[in-house]
Every structure is written in structure tokens, then in C-alpha cells.
Amino acid sequence: MILAAGLGTRLRPLTDVCPKPLVPVANKPVIERSITYLKQHGYHRIAVNTHHHALPMADFLGDGTRFGVKIHVSHEPSILGTAGGIRKVKDFWKHDTLLVINGDILTDIDLRDALRFHLATGAAATLILHRHPLFSQILLDDQGVVRDISSGPRPERLAFTGIHLLEPGLLKWIPRDGYADIVSCYRRMIENGERVAGHISNGHYWRDIGTIESYLEANREHSATPVLLGPGCETAPSARISDWAVIGPECRVEADATITRSVLWQGIRVREGARITDSVVTSGQVVQRDLMGEVLV
């Protein structure tokens, strides 16, 4: 399951015009990258929950045929939270182990290794963890059992990657109705002696695109070349593109324009002499002035 119903508040104003899972990274929507990642690890039945900008999400996903998988879209008229969204797809889940991944991360973590670990523990839930000081909230003991989840980062703790493996027995810990947060459920499980396991992943790539700064960095990391041009782009001979840039399909960059460390979505026209630096420009805009560390929507 890909959790994709959130409002994307940290990524505003981009998410005012586009649901976060459809925000392009190196000219490909984040959720398409997630689907490819899951498919590479053998997952061909995928549930996706939607709420914010639900119609464009449903239109993009369809039934999954275009991605070579089967997709079940679980629409939430009222947002249900991470645990509530999981509860709503229980009929899709049935009696299988369910892998859940946040819809705003990009990673190459070995999911097969994590699944083997999870099945060997007999735990109702296994959180995939790693070392990341900004999100280090998980206290793990020497037996691989989660002992505490703090409200903020603490030294010597581990970070939750946003990927977890769940058994149907977890459902009894989720409230039967309304909004519910999965981390709160894990805290209740720990307090009541229920086994929540933690699998540590090392040596992998991981990126949360939840902020503008991290979103820009993700684009740089996923570009095959320093300057990535989408299909149908036109750049004047005197235009200058420096350091790195991602320019989406059907963009036009006019004479003497400069683009540096920036992301342009689809169909953007950069007028003669305009400069764009450390910025994001959403689809269909005409840029006539200098942008320095801005988001133009």
C-alpha cells in the first residue's frame, strides 16, 4: 500500500496545485517511481489511498495497467490518517502480509531482506529503520524489538523510513472508526506488550521530498545528467543552464535566460534575459522576472 492521501502541507505551495504523489522528480511523478520500486521487489497488487486532489490521482493511476500492476484506489472523502487508511483497505489486504510505504519518499531499500526478517520475527508489525539524525525517534533493543517512539529526535535512536510490514493482527489496535495515526497505534502496542519489531537497513538511498529544499535535492539526485530536458524542450543558443537543472516537457527557454539549480515543470516559457536560481516553477507559467529561491505556482 502506498499512503498518498495527505495534504502535503510541508510542500506547499506546490501541493496547492498538484497532489504530492504526482509532483515530478526528474520529470517523473513520485508515485510512478514508487510503483516501479515496488514492482521491482515483486509487488504487483498495490492499494493507494487518495483524498487531496483525488480526481487527478485516480485519473493518473487508473487500474494500474499502464504500470504493469493492479492498483486498487481507496478514496477517503474525509481523511482517515495513516492507520485509518490501512484499516479501510482490509478487504484488499485480507490474510496476507501488507507492506506499507509513505507516498513522499524515494529509496532503494532491499524490501526482500526486510520481508525475510519480518516473517522470522512473528511480529504483528516491523518498521524498517535507518540512521538519520533528523528523524531519530525509535528506540530499538538488542533483540530487534521497538521499545519506545519519542515525539522528537533523540541521540542514539534510529529513524523510521516510512516503510513497514504488517500482519492482519495489527487491525485490532486500530480504532474501528474515524481518523487514526499508525504511530499512535504502535505506541499503544508497545505499552501493552505487543511485539513491534525493527529491521535496520544500511547502505541504501533514501530521500523524503516533503519540503521544497528536499524536493530540489531529490531532483538533482535523480537526474541522469546535470541538465535534464524533457521531450519537446526548446532552448535558445544563448541561454545558460548551469550547475544542474530539470526542465520539463514542452518548455521554451529564450535568449540570454539563465537557469541554475532549479526545477521547471511542463510547458513553461522563460522570457529573454530572465534568471531562475534555486527555484521551482509549476506547469504553464511564463517567467518574465528573476526568481531567486522562490516557488512560482
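Strand 9 and strand 10, the latter covering residues 146–149, pair in the antiparallel sense over 3 bridges. The structure shown is a predicted model. Within this pair, Leu139 stands opposite Asp148 of strand 10. The two strands form a hairpin with 5 residues between them. In this hairpin Gly144 takes a positive phi near 80°.

Rolling a probe the size of a water molecule over the atoms shows where empty space is left. The largest pocket has a volume of about 1100 Å³. Strand 9 (136–140) supplies at least two residues of its lining. The other elements that each supply at least two are helix 4 (81–88), strand 11 (158–166), helix 7 (182–191) and strand 13 (206–208).

In total, 37 residues line the largest pocket. Which of them lie nearest its centre? They are Arg10, Lys20, Thr82, Asn102 and Asp104. By type, the lining of the largest pocket divides into 18 nonpolar, 12 polar and 7 charged residues.

The second largest pocket holds about 260 Å³ of space. Its lining includes Cys18, Leu22, Pro24, Asn27, Lys28 and Pro29. Phe60 also lines the second largest pocket, as do Gly248, Pro249, Trp265, Gln266 and Ser283. How many residues of this lining are nonpolar, polar and charged? The lining of the second largest pocket has 7 nonpolar, 4 polar and 1 charged.

How values were computed: Residues numbered from 1 in each chain as written. Predicted model: local features only at pLDDT ≥ 70, side-chain atom pairs only at ≥ 80, totals over all residues. Heavy atoms only, no water. 1 Å grid on protein atoms, 1.4 Å probe; cavity = no way out; pocket = protein on both sides within 12 Å on 5 of 7 lines; lining within 4 Å. Points joined across faces, edges and corners; volume = space filled by probe spheres on them. Helix = DSSP H or I, 4+ residues; strand = E, 2+ residues; numbered from the N terminus. Nonpolar A, V, L, I, M, F, W, Y, C, P; charged D, E, K, R; others polar. Pairing = 2+ DSSP bridges.
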